[in-house]
Amino acid sequence: MATTSADREQWGSRLGFILAAAGSAIGLGNIWRFPYVTAENGGGAFVVVYLACIALICLPYLFAELALGRNSQKNPVGAIAAIKSGTPWVLVGGLCVLTGVCILSYYGVVAGWALGYIFKGFVAPGVDSAAYFGSFVSDAGTVIPLAAVFMVITILVVYGGVEEGIERWAKVLMPVLLVLMLVVIFRAVTLPGAGEGLEFYLNPDFSKIDGTVILAALGQAFFSLSLGMGAMITYGSYLPKRENLLVSGGYVALFDTAIALLAGLMIFPALFAMGKQPESGGPALIFQVLPEVFETMPLGSFISMVFFILLSIAALTSMVSLLEVVVSYFVDETTWSRSKSVLLVGGFTFLLGLPSALANGGSTFLTEQISLFGATGFFSIMDFIWGNISLALGALLISVFVGWVWGTGQAIEELQQGAGDTFTGAFASTWAVFLKYVCPVVIATILGGIVFGVI
Ligand code: PHE
């Protein structure tokens, strides 16, 4: 092992940790995925179910990841080995690291699109923005260099180490993100016809809730909070014992949820103001529809640019956390230095992302001719396996591991450090029930839903 607990780096301040962890959670999941999943699942009613999932499933599970990380002061593999070494449970940590690499590989491709759309996101009047996006994503000579630029920036941030790199960047980037979003929202809600969008988004029609909507909301909540692949184990491992994990974790969930809700406020009023149907966008919603919406707005080219700068910033802080999980594994468990780990993992992940970059029109074979479990194209297959199945499986296994193997008694003791008297009695035992029973059962249901094609 290269580092001991004593010399392991730590976050410089509580605010630094909260901003960095919120930066991990807030990303393409909030701004690109949340609006289109909301649109496809009935608007306001979906938002209500999503909020319930965050509060009842994700929040209790988030505390488990943070407690496990801080207790062991390790990456996901080391954390599990510290409690149950030499057992197959260590493979769960391995699954986390593998999931991190694989999500990062295609996530970096979408981040590259966002980067490109800072300059290309404003289409001239009369141009079909769907066709325009199609030719943009299929041009390998554009999307591969963009993904490379994004990976280099991520490598540079992670290379800086915990305090110097991630924390310093997160402190600057997160408040900028919030301010930029408020500017776009102000523009969107003051458009004529915006009210209809607000109505769709904020006024729940509960008759739209069915099993599919509930499962979609649960899946989105997991992806959005960076849960199920050890990101919060790793970030928790850099926290000192005096830290109140419940308060810090609570803030992270609050910020992530707030940004997702704000993303909806940017998109739905504008969409309805332009007379578009909420279901029309799908995963391409922001890249295809918004530029066209911006085009007809006053200051449209500026708003478009601001929006995609914002999306790139959010994607960067999430990519940093994905890379950090993998790097912390190599730093803790092998003799590799931090710089060697960052360069090798970053470089390898970029190469692994190449087929994903080519799977949106660049290569006909990778785009159309391969399919697995109903997902067509290399990109969708990667997202299905690693973004859906693997996160749900990881979260299911980690909640069972913390709840039943490590034990809620130990976890509660860890959470009490920094939280003290506030985490005792009924509060602590209610949490234990959620972690041991509610989380595994519900997550198993999500996983079953994914496997059987309900989501
Ligand atoms: N939560 C991130 C987002 O919303 C994505 C992510 C998933 C990051 C899993 C880390 C781990 O974009």
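Between which two helices does the loop that holds Q73 lie? Q73 lies in the loop between α3 and α4, the latter spanning residues 76-83, and the legends below, which describe close-up views of a predicted model, begin with this residue.

View 1. Most residues other than glycine have a negative phi. Q73 counts as buried because its relative accessibility is 12%, and buried means under 20%.

**View 2. The packing of helix α3 against helix α12**. Helix α3 (residues 44-72) packs with helix α12 (residues 245-273) at an angle of about 145 degrees, and their axes are 9 Å apart. In passing α12, α3 makes a right-handed crossing. On the α3 side the contact is made by V47, Y50, L51, I54, L59, L62, F63, L66, A67 and R70, while α12 contributes L245, L246, G249, G250, A253, D256, T257, A260 and L261. Sorted by class, the residues of this contact of α3 with α12 are 14 nonpolar, three polar and two charged.

View 3. L51 lies in helix α3, and, when neighbours within four places in sequence are left aside, L51 is in contact with T257 and L261. T257 has its place in helix α12, and T257 touches Y50, L51 and I54, again without counting residues up to four places away in sequence. Is T257 buried or exposed? T257 is buried, with a relative accessible area of 10%, whereas L51 is partly exposed, with a relative accessible area of 35%. L51 can also be located relative to F427, a residue 376 places away along the chain: the C-alpha atoms of L51 and F427 are separated by 20 Å.

**View 4. F423 in aromatic pairs with F427 and W431**. A pair of aromatic rings is described by the distance of the centres and the angle of the planes. The structure holds 27 aromatic pairs, among them the pair of F423 and F427, which is edge-to-face, with 5.0 Å from centre to centre and 85 degrees between the planes. F423 also forms an edge-to-face pair with W431, for which the centres are 5.9 Å apart and the planes make an angle of 65 degrees. F423 counts as buried at 0% relative accessibility, and W431 is buried too, with a relative accessible area of 5%, whereas F427 counts as partly exposed at 47% relative accessibility.

**View 5. A cluster of aromatic residues**.

**View 6. Helix α7 alongside helix α15**. The axes of helix α7 (residues 140-159) and helix α15 (residues 338-357) come within 10 Å and cross at roughly 160 degrees. Because angles over 145 degrees count as roughly antiparallel, α7 is roughly antiparallel to α15. The crossing in which α7 passes α15 is right-handed. From α7 the contact involves V143, I144, A147, A148, M151, I155, V158 and Y159, and from α15 it involves R338, S339, V342, L343, G346, G347, T349, F350, L354 and A357. The residues of this contact of α7 with α15 divide into 13 nonpolar, four polar and one charged.

**View 7. Helix α7 against helix α14**. Helix α7 also packs with helix α14 (residues 300-333), here at an angle of about 60 degrees and with the axes 9 Å apart, which makes α7 oblique to α14. The crossing of α7 and α14 is right-handed. The contact is made by F150, M151, I153, T154, I155, V157 and V158 of α7, together with S312, A315, L316, M319, V320, L323, E324 and V327 of α14. By class, the contact of α7 with α14 has 12 nonpolar, two polar and one charged residues.

Terms used: Residues are numbered from 1 along each chain as its sequence is written. This is a predicted model: local features need pLDDT of at least 70, side-chain atom pairs count only at pLDDT 80 or more; totals for chains, interfaces and linings use all residues. Side-chain values use heavy atoms; hydrogens and water are left out. Axes are lines fitted to C-alpha atoms, for helices over the stretch in contact, and angles run from 0 to 180 degrees between N-to-C directions. Helices (H or I, at least four residues) and strands (E, at least two) are DSSP runs, numbered from the N terminus. Angles under 35 degrees count as roughly parallel, over 145 as roughly antiparallel, 65 to 115 as roughly perpendicular and the rest as oblique. A crossing is left-handed if the near helix is turned anticlockwise from the far one by less than a right angle, and right-handed if clockwise. Contact means heavy atoms within 4.5 Å. Ala, Val, Leu, Ile, Met, Phe, Trp, Tyr, Cys and Pro count as nonpolar, Asp, Glu, Lys and Arg as charged, and the others, Gly among them, as polar. Buried means under 20% relative accessible area, exposed over 50%, partly exposed in between (1.4 Å probe, protein chains only). Rings of Phe, Tyr and Trp (its six-membered ring) pair if their centres lie within 6.5 Å; planes under 30 degrees apart count as stacked, over 60 as edge-to-face and the rest as tilted.
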